[in-house]
Amino acid sequence: MMADDFSSRWQQLDWDDITLRINGKTARDVEHALDADKLTRDDFMALISPAAAAYLEPLAQRAQRLTRQRFGNVVSFYVPLYLSNLCANDCTYCGFSMSNRIKRKTLDAAEIERECLAIKTLGFEHLLLVTGEHQSKVGMDYFRRHIPAIRRHFSSLMMEVQPLAQEEYAELKALGLDGVLVYQETYHPATYLQHHLRGQKQDFHWRLATPDRLGRAGIDKIGLGALIGLSSSWRTDCYLLAEHLFYLQQTYWQSRYSISFPRLRPCTGGIEPASIMSEPQLVQLICAFRLFAPDVELSLSTRESPFFRDHMIPVAINSVSAGSKTQPGGYADDVPPELEQFEPHDGRTPQQVAQAISDAGLQPVWKDWDGYLGRGPQ
């Protein structure tokens with residue numbers, strides 16, 4: 001009988017046992033995983049283990065071959081549009097946290113229109129809507145009011161907002177929503193509670209079951225991620241992320257999936273990471289995911305440096321943001337960075353990022369879908 005949601009599988013997974021198993025992997029385990037035609041979850045464990053650090057070059061080479069085979073030479077572009085920095089949650093790692101004394105702003109219809117037009121002039125066709133989590137002021141009423149007008153400007157529309165009910169996702173899909181990103185932040189419940197101090201986001205299991213509600217609502221693309229550095233073991237968190245992806249692919253096979261790799265970035269009231277992930281370790285993790293899930297979109301945001309992105313994108317990445325502003329009104333009105341959720345690391349213009357991708361022999365893609373082809377507003 002099929003489990004009700006991923007929580008049933010998650011309860012079977014022991015954090016400490018997984019941590020021990022990852023750290024116990026050997027060079028032989030890594031070599032076996034690198035030779036496998038199709039990776040098991042145990043193989044993935046080996047590829048993110050400390051033992052795999054010595055195999056970074058063959059791991060990257062195989063990841064690059066798979067990426068080119070599955071996605072060709074193209075890299076798609078998207079950009080976030082921050083609609084509001086209002087938030088009813090108190091989270092230790094986020095600049096929008098309700099306890100932070102920052103200026104708050106929610107865009108109205110005229111401001112949204114100006115942002116959309118400014119983003120269009122930059123060349124983007126794929127938009128990610130982002131808000132703080134505030135049900136009453138930036139909830140379904142707000143989305144119903146503004147999404148249809150936003151959707152008319154863009155070829156595809158995704159959201160990263162508070163978790164919603166299945167019927168609400170179904171309604172948003174009818175308004176033109178193509179995808180939703182929802183990061184669990186950490187799969188370790190005690191750590192999760194430690195960093196979510198007030199608000200609806202304290203509910204670990206409601207958030208954990210959100211991708212299930214997305215799958216049942218028929219959302220076309222579901223984006224997953226863990227906030228790297230929040231827990232004491234990034235490896236264990238990312239293994240559980242892989243378990244989550246595997247479960248969803250088996251259960252809601254009609255949806256497409258993407259994985260993001262956010263590392264903690266400086267922000268107002270921010271915290272020091274509980275575990276540090278080096279850039280070689282991030283390369284290792286991204287390549288391991290490419291081998292584990294060859295058809296899944298792997299995304300890299302402006303949280304990472306220009307140098308890292310320029311070297312990592314040709315290896316295994318097929319979706320990037322560029323020119324991101326993480327504050328409401330940042331594109332049209334040049335709103336000051338005091339409203340930011342976090343400070344981007346790659347501050348280049350979209351055209352500069354596109355040129356770097358072209359220089360690497362890849363093709364930047366600003367638009368890869370038209371509504372008349374079957375997806376989009378009904």
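This note goes through the predicted model point by point, from the whole chain to single residues.

1. Basis of the model. The structure is a predicted model, in which local features need pLDDT of at least 70 and side-chain atom pairs count only at pLDDT 80 or more, while totals for chains, interfaces and linings use all residues. Residues are numbered from 1 along each chain as its sequence is written, and side-chain values use heavy atoms, with hydrogens and water left out.

2. The chain as a whole. The secondary structure comes to 15 helices and 11 strands, where helices (H or I, at least four residues) and strands (E, at least two) are DSSP runs numbered from the N terminus. Of the 378 residues, 60% count as buried; here buried means under 20% relative accessible area, exposed means over 50%, and partly exposed lies in between, with a 1.4 Å probe and protein chains only. The chain exposes about 15,600 Å², of which carbon and sulfur atoms supply 50%, the areas coming from the Shrake-Rupley method with a 1.4 Å probe, and for residues only the protein chains shown count as cover. Among contacts (heavy atoms within 4.5 Å) with a separation of 6 or more, 74% are made by residues 24 or more positions apart.

3. Helix α7. The 12 residues of α7 (residues 140–151) should span 16 Å at 1.5 Å a residue, and the end C-alpha atoms are 16 Å apart, which agrees; the expected span is 1.5 Å times one less than the number of residues. Within α7, Met140, Tyr142, Phe143, His146, Ile147, Ile150 and Arg151 are buried. These residues cover an arc of only 140° around the axis, which puts them on the same side of α7, the arc being that of the directions from the helix axis to the C-beta atoms. On the other side, Asp141 and Arg145 are exposed. The buried residues pack against β1 (74–84), α6 (109–121), β3 (126–131), β4 (156–160) and α8 (166–174).

4. Salt bridges that join separate parts. A search of the whole structure finds 19 salt bridges, each defined as a side-chain nitrogen of Lys or Arg within 4 Å of a carboxyl oxygen of Asp or Glu. One of them joins Asp178 to Arg151, with the closest N and O atoms 3.4 Å apart. Asp178 lies in the loop between α8 and β5 and Arg151 in helix α7, so this pair ties together parts that are 27 residues apart in sequence; both residues are buried. Another joins Lys221 to Glu297, with the closest N and O atoms 2.9 Å apart. Because Lys221 lies in strand β7 (residues 221–224) and Glu297 in strand β9 (residues 297–300), the pair ties together parts that are 76 residues apart in sequence. Lys221 counts as buried at 10% relative accessibility, and Glu297 is buried at 14%.

5. Further salt bridges. The side chains of Glu111 and Lys105 meet at 2.7 Å, N to O; Glu111 counts as buried at 14% relative accessibility, whereas Lys105 counts as partly exposed at 24%.

6. Gln184. Which residues is Gln184 in contact with, leaving aside its neighbours within four places in sequence? They are Tyr192, Phe204, Arg207, Leu208 and Gly225. Gln184 is found in the loop between β5 (179–181) and α9 (189–195), and is buried, with a relative accessible area of 2%. Gln184 and Lys201 are 17 residues apart in sequence and 10.0 Å apart in space, C-alpha to C-alpha.
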